[in-house]
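Trainee: Before we discuss any labels, could we have the model on screen, so that each term can be set against its cut-off?

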Amino acid sequence: LEELAHTYKDDPEISAQLDQLTDEPVTANGKRTVVRINKNGIEMFEKGDYEQAAQYFIKATQHFPKHMGIRLNAIQALLFDIKSNGPTINKVTQCKQNLIAVPDLDDSHPQFKRYSSFKQSISKLESLLKDKRPQ
């Protein structure tokens, strides 16, 4: 894929398609875009705009559907929003959808602790919402 990225570096359509196929972008433009996305989303998050940051990261997954960092950032922002404003079925569902898009990680992966923590939090939220449903 890196060879194809180099060959088609001047073709934005092919470059964008290549970046969607991989966990990390292979084109220079894709790499710059991911850095910008993370910078902007993290700025929103640090300001306490968790819902806005979450939606920003979720929108970015349309362009980089396999990018684990963007998916995990979306989950983190959603979890902080839930902590601040309470859980909703929609927010927990968005967490779950982004978690499912991340491949299972083994404990040697650098993102394993973060992934595992999010997985446990989402499971607890699902149980909490299930318990609150009318019988």
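Trainee: What makes the contact between the side chains of K91 and D81 a salt bridge?

Mentor: A salt bridge is defined as a side-chain nitrogen of Lys or Arg within 4 Å of a carboxyl oxygen of Asp or Glu, and the side chains of K91 and D81 meet at 2.7 Å, N to O. The pair links distant parts of the chain, with K91 in helix α6 (residues 89–101) and D81 in helix α5 (residues 68–85), 10 residues apart; helices are DSSP runs of H or I with at least four residues, numbered from the N terminus. Both K91 and D81 are buried, where buried means under 20% relative accessible area, exposed means over 50% and partly exposed lies in between, with a 1.4 Å probe and protein chains only.

Trainee: On what basis do these values rest?

Mentor: This is a predicted model, in which local features need pLDDT of at least 70 and side-chain atom pairs count only at pLDDT 80 or more, while totals for chains, interfaces and linings use all residues. Residues are numbered from 1 along each chain as its sequence is written, and side-chain values use heavy atoms, leaving out hydrogens and water.

Trainee: Why is D104 called exposed, and what is K119 called?

Mentor: D104 has 63% relative accessibility and therefore counts as exposed, whereas K119, at 39%, counts as partly exposed.

Trainee: What makes E43 and K39 a salt bridge, too?

Mentor: Their side chains meet at 3.2 Å, N to O, and both residues lie in helix α3 (residues 28–46), 4 residues apart, about one turn of the helix.

Trainee: Why is N98 called buried?

Mentor: N98 has a relative accessible area of 3%, and therefore it is buried. Leaving aside neighbours within four places in sequence, N98 is in contact (heavy atoms within 4.5 Å) with I58, T61, R71, A74 and I75.

Conventions
Helix = DSSP H or I, 4+ residues; strand = E, 2+ residues; numbered from the N terminus.
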